[in-house]
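Reader: Please show me how to read a model like this one. Take a feature at a time.

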Amino acid sequence: MRRTVVAHLGPTNSGKTHAALQALRAAPRGVYCGPLRLLAAEVAERLSEQGVAVRLVTGQEVRDAPGATHVACTVEMASVSERVEVRAVTRVLRSAPRDSACCNAQPVLQSRSGTLARGISCCIY
């Protein structure tokens, strides 16, 4: 499968996440991966308000939506076997303690070898 990786680079409040979520919303099937449960819940709510059927999956909570075409999840709950058009990964860190960078970069690295995603949008800080 041919993939497109888009890196959204910039400082805080420059629209990186907004651009990634626009690509996600426009896709027929997609996954949002964030580092925090609250961010995943916020994205699920935002997409739902825009008419997208979103399933929320975190380590503490699973909220199903009838006919869900998108998933908002925390990084550790991301499925690498689900076929999607876009995977949006936010809070990928350029430089940070090893644990943080590895955790946030995991969906990007797995996307290269295992995730069935045509497009990957990475918001890099």
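Author: We go from numbering to helices, cores, strands and salt bridges.

Reader: What ground rules apply here?

Author: The model is predicted: local features need pLDDT of at least 70, side-chain atom pairs count only at pLDDT 80 or more, and totals for chains, interfaces and linings use all residues. Residues are numbered from 1 along each chain as its sequence is written, and side-chain values use heavy atoms, with hydrogens and water left out.

Reader: How are helices and strands assigned?

Author: They are DSSP runs, numbered from the N terminus: helices (H or I) have at least four residues, strands (E) at least two.

Reader: And what do buried and exposed mean?

Author: Buried means under 20% relative accessible area, exposed means over 50%, and partly exposed is in between (1.4 Å probe, protein chains only).

Reader: How do I find the covered side of a helix?

Author: An α-helix has 3.6 residues a turn, so residues three or four places apart point the same way. In H1, the buried residues are Lys-16, Thr-17, Ala-20, Leu-21 and Leu-24. They line one face of the helix, because they fall within an arc of 120° seen down its axis (the arc is that of the directions from the helix axis to the C-beta atoms).

Reader: How does the length of H2 compare with the expected span?

Author: The expected span is 1.5 Å times one less than the number of residues. H2 (residues 37-49) has 13 residues and reaches 18 Å from first to last C-alpha, close to the 18 Å expected. Its buried residues are Leu-39, Ala-40, Ala-41, Val-43, Ala-44 and Leu-47.

Reader: What makes a nonpolar core?

Author: A nonpolar core is a set of buried Ala, Val, Leu, Ile, Met, Phe, Trp, Tyr and Cys residues joined through side-chain atoms within 4.5 Å. The largest one here has 17 residues. Leu-24, Tyr-32, Val-43, Leu-47, Val-54, Leu-56 and Ala-72 touch the most other members. H1, H2, strand E3 (54-57) and strand E6 (84-92) each supply at least two residues of this core. H2 gives the most, with six residues. A second, separate core has nine residues, including Val-57, Val-71, Val-75 and Ala-78.

Reader: Which residues are in contact with Leu-24?

Author: Contact means heavy atoms within 4.5 Å. Setting aside neighbours within four places in sequence, Leu-24 contacts Gly-30, Val-31, Tyr-32, Leu-47, His-70, Val-86 and Ala-88.

Reader: Is Val-52 buried or exposed?

Author: Val-52 is buried, at 11% relative accessible area, although it lies in the loop between H2 and E3. Beyond neighbours within four places in sequence, its contacts are Arg-25, Leu-47, Thr-69 and His-70. Val-52 and Thr-69 are 17 residues apart in sequence, but their C-alpha atoms are 7.5 Å apart in space.

Reader: Which residues cover the two sides of E5?

Author: On one side are His-70, Ala-72 and Thr-74; on the other, Val-71 and Cys-73. Both faces are covered. Five of the five residues of E5 (70-74) are buried.

Reader: Last, how many salt bridges are there?

Author: A salt bridge is a side-chain nitrogen of Lys or Arg within 4 Å of a carboxyl oxygen of Asp or Glu. The count is three. Glu-42 and Arg-46 meet at 3.0 Å, N to O. Both lie in helix H2, four residues apart, about one turn of the helix. Glu-42 is partly exposed at 42%, and Arg-46 is partly exposed at 32%.

Reader: And the others?

Author: Asp-64 and Arg-55 form a salt bridge at 2.4 Å, N to O. Asp-64 is exposed at 58%, whereas Arg-55 is partly exposed at 32%. Glu-61 bridges to Arg-63, with the closest N and O atoms 2.8 Å apart. Glu-61 is partly exposed at 26%, and Arg-63 is partly exposed at 42%.
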